[in-house]
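Here are my notes on the model, as numbered points.

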Amino acid sequence: MSALSPSAPFTFEPNANPVPEAERMARLKDPGFGKTFTDHMVIVRYSEGKGWHDAKVTARGPISLDPAAAVLHYAQEIFEGLKAYRLSDGAMALFRPQANARRFNASANRMAMPELPEDMFIESCRALVKADADWFPDIDGGSIYLRPFMIANETFLGVKPSGDYLYIVIAAATGNYFKSGAPAVKLLVAEDDTRAAPGGTGAAKCGGNYAASLRAQSQAIARGFDQVVFLDAAERRYVEELGGMNLFFVFDDGSLQTPPLDGTILPGITRDSLLTLAREEGLAVREERYAIDQWRADAQSGRLVETFACGTAAVVTPVASVTGKDFSFTIGSGGPGQATQRLKQRLVDIQRGTAADIHGWVMRLD
Ligand SMILES: *Cc1c(COP(=O)(O)O)cnc(C)c1O
């Protein structure tokens, strides 16, 4: 158990029965992703009139909800995902948590939920990481993945924005998302299902978007693919993103392209960071729509040399091949390309504190 007590305004109720040290050490040898949970969680309550209150770090455990809690019926739920790292000098740090705080509020706004003060979001992450500092896996690429989320908690079946909410943060020790580095993934183009429509919730990080993506994703897995790639809902023509990762295309002239943020794509913080790094390198970068037919033609002509997906969990993942209803094409050599590897390494070096952080992206927690 860490002796550090998290900073105000969070009350700290230490877990009286933390996972015993030997057991924790055993679990941390191979934590996997999203299953090796820490000893604590953050809970903050919201009610209309009173605002946010009762902020605490407490023992992690089940929460009790009334069966009429609004989230269970109308899916008013949003979440975030960010990692706490140990820097090369041993200090604990978060990567761009202000960006997560802002995006959380943008999602809240779309889902008619109350905003959470940005300081409270960041402080909640800091308090939890400090309480669970013993849970950093001592393995290459190890981190603590934080999952802040908000659910509608009013006991009422009428259709309206809830009056009560719970904001919770849980944490999981995490190894490398892909154990053997990042193998190139095989994509299947979603034929029947779309993820997000114009005017819909595609730009909000809400559970409902994931629920809508699961059928296509499991069909892809059943057919031997790794991930599904979604096309735009209006024309079924433009490449949007994967279920939980943004896409980048790399061309033979060294230029980079990624779909624009026009409401149906989740504004990834990894996406934004890579755009910044690529522009700094002097690469030509376009945020423009890319048609599936063009992707195929460019891959076949050799004009397109690499494609990669990006997101907090896996950072950067190369795409090996793309399969649709009546076609299939390989990208480059089918393995990780040079630009993909270089951009990934530059980002990871900044995150880990081994390269200069000129943008102030790394927030030290001590
Ligand atoms: C979270 C998420 C991403 C990646 O965002 P990051 O901030 O880079 O982790 C991409 N697409 C979807 C649908 C997401 O939910």
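1. Contact here means heavy atoms within 4.5 Å. On that basis, and leaving aside neighbours within four places in sequence, W52 is in contact with V44, R45, Y46, P114, E115, L116, P117, M120, M150, Y165 and Y167.

2. Quick housekeeping: this is a predicted model, where local features need pLDDT of at least 70 and side-chain atom pairs count only at pLDDT 80 or more, while totals for chains, interfaces and linings use all residues. Residues are numbered from 1 along each chain as its sequence is written, and side-chain values use heavy atoms, with hydrogens and water left out.

3. "Buried" is under 20% relative accessible area, exposed is over 50%, and partly exposed is in between, with a 1.4 Å probe and protein chains only.

4. α3 covers residues 97–110, so 14 residues by the DSSP run, and reaches 20 Å from its first C-alpha to its last, close to the 20 Å expected. The expected span is 1.5 Å times one less than the number of residues. Its buried residues are P97, A99, N100, A101, R103, F104, N105, S107 and A108. After α3 comes A112, with a positive phi near 55°.

5. Grid points are joined across faces, edges and corners, and a volume is the space filled by probe spheres set on the points.

6. The largest pocket has a volume of about 700 Å³. Of its 33 lining residues, K205, Y210, G243, G244 and M245 are the closest to its centre. α5 (207–222) is among the elements that supply at least two lining residues each, and α5 gives the most, with six.

7. The largest cavity comes to about 100 Å³, and the whole structure has three cavities of 30 Å³ or more. Lining the largest one are G81, L82, K83, Y85, F95, N100, I269, T270, G311, T312 and Q351. N100 is also one of the buried residues of α3. β6 gives the most to this lining, with three residues.

8. Look at the pair Q217 and Q227. Q217 lies in helix α5, and Q227 in strand β11 (residues 227–231). Q217 counts as buried because its relative accessibility is 17%; Q227 counts as buried at 17% too. Not counting residues up to four places away in sequence, Q217 touches D226, Q227 and V228, while Q227 touches K186, L187, L188, Q217, A220, L242, G243 and M245.

9. Last, A313, in the loop between β16 and β17 (315–324). A313 is buried because its relative accessible area is 18%. Its C-alpha is 24 Å from that of T323, 10 residues apart along the chain.

Definitions and conventions. Helices (H or I, at least four residues) and strands (E, at least two) are DSSP runs, numbered from the N terminus. On a 1 Å grid over the protein atoms alone, a cavity is a set of points where a 1.4 Å probe fits but cannot get out, and a pocket is an open set with protein on both sides within 12 Å along at least five of seven lines; lining residues have an atom within 4 Å of a point.
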